[in-house]
Amino acid sequence: MSEIRDKILNLKLYMEQNVLGQEDLVRKLLITMIANGHILVEGAPGLAKTKSIKIMSECIDAEYNRIQFTPDLLPSDITGSDIYIASTGQFEFRAGPVFASLVLADEINRAPAKVQAALLEAMGERQISVGGRQYKLPTLFMVMATQNPIEHEGTYNLPEAQLDRFLLYTRIKHPDIATEKRILRLVRNEETNTQNIEKPCMLRVSDILAARQEALSVHMSDAVEEYLVQLIMATRYPGKYDDSLQDMISYGASPRATIALDKCAKINAWLSGREFVIPEDIHALIYDVLGHRIMLNFEAQASGLTSDEVISRLLKVIPLP
């Protein structure tokens, strides 16, 4: 096992010890960061969404900012703006909170369209535009956005183009009773300063970039690659693979989904200690990669089908390599 993978796994263990019951979210956060992507997390309040990225940021030598999205938010509240300096008689750019390596966009669907457009440029182009000038964002730049599935008043649906910019879209649930008790004890210990979890060595941005290069160099055989591509193609031309799928999908996944699934599968294999990708690595992330990228038609939605159920059918239709 490489030294850099040891460091990442130590960070993973530390996060799991502090964010109980969300091991799946922790793994996907790390995969997103290593893949140079962004993640959308949907879950009820109080499920440690904010805590998870905050704990991760405490172990990385990079800036972290939290942006609370509200209906009255302006694009400049995120990007920053040109400020007039009276002493010099000139305008000076003051960077907004998006200029951080790790950004939490809390309750992202509460912001109006102009704010979404500003964030979309930041996520897609790794830059923002103010006053006709472009400003580059940090080399390490990841947005973790959250959505509350309970309240819909005063919310705005995210544009399809922005949803496609998210590497992963994951949904988290409440913990079971055993985990709930562990959470209770953890919080008690934190409040009485009796919590004793050793913090891992601080990771540098160069460590993350090295992990990215190493993980994305994991081998994928031609057979597994063909399997991955066929899964994507089945979302675009479902009738060629199974007649029943033809009446479910109205719009398939973009090439960005192919690239995302390739990256995620390789990183999942790397985190698991393997130097090659197996179909299970694809299966582990396919729901989070494709769930928000395929559009179901009216008949499928009316019958109560979900994108996850359609993806499960795709996995049955496409033969394993």
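Which residues lie nearest the centre of the largest pocket? They are Arg171, Gly291, Ile294, Leu296 and Ser307, out of 14 lining residues.

## About the model

This is a predicted model, in which local features need pLDDT of at least 70 and side-chain atom pairs count only at pLDDT 80 or more, while totals for chains, interfaces and linings use all residues. Residues are numbered from 1 along each chain as its sequence is written, and side-chain values use heavy atoms, with hydrogens and water left out.

## The largest pocket

Let's stay with that pocket for a moment. The largest pocket has a volume of about 390 Å³. A pocket here is an open set of points on a 1 Å grid over the protein atoms alone, where a 1.4 Å probe fits, with protein on both sides within 12 Å along at least five of seven lines; lining residues have an atom within 4 Å of a point. Grid points are joined across faces, edges and corners, and the volume is the space filled by probe spheres set on the points.

Helix 6 (160-165), strand 9 (168-171), strand 11 (295-296) and helix 14 (307-317) each give two or more residues to the lining of the largest pocket. By type, the lining holds six nonpolar, five polar and three charged residues. In this scheme Ala, Val, Leu, Ile, Met, Phe, Trp, Tyr, Cys and Pro are nonpolar, Asp, Glu, Lys and Arg are charged, and the others, Gly among them, are polar.

## The whole chain

The chain contains 14 helices and 11 strands, taken as DSSP runs numbered from the N terminus (helices: H or I, at least four residues; strands: E, at least two). Along its principal axes, the C-alpha trace spans about 70 × 45 × 40 Å.

Of the 321 residues, 49% count as buried, meaning under 20% relative accessible area with a 1.4 Å probe and protein chains only. Among contacts (heavy atoms within 4.5 Å) with a separation of 6 or more, 77% come from residues 24 or more positions apart.

Leu163 sits in helix 6 and is buried, with a relative accessible area of 11%. Beyond its neighbours within four places in sequence, Leu163 contacts Leu40, Leu158, Tyr169 and His292. The C-alpha atoms of Leu163 and Arg293 are separated by 7.4 Å, although the two are 130 residues apart along the chain.

Ala215, in helix 8 (residues 205-215), counts as buried at 0% relative accessibility. Not counting residues up to four places away, Ala215 touches Ile34, Lys266, Ile267 and Trp270. Tyr14, in helix 1 (residues 3-18), is buried too, with a relative accessible area of 9%. Its contacts outside four places in sequence are Ile55, Cys59, Ile197, Glu198, Lys199 and Pro200. Tyr14 and Glu198 are 184 residues apart in sequence and 7.7 Å apart in space, C-alpha to C-alpha.

## Two backbone spots to look at

Most residues other than glycine have a negative phi. Glu107 has a positive phi of about 55 degrees; Glu107 is in the loop between strand 5 (102-106) and helix 5 (113-125). Arg126 has a positive phi of about 60 degrees and is in the loop between helix 5 and strand 6 (127-130).

Notes
Buried < 20%, exposed > 50% of the residue type's maximum accessible area, 1.4 Å probe, protein only.
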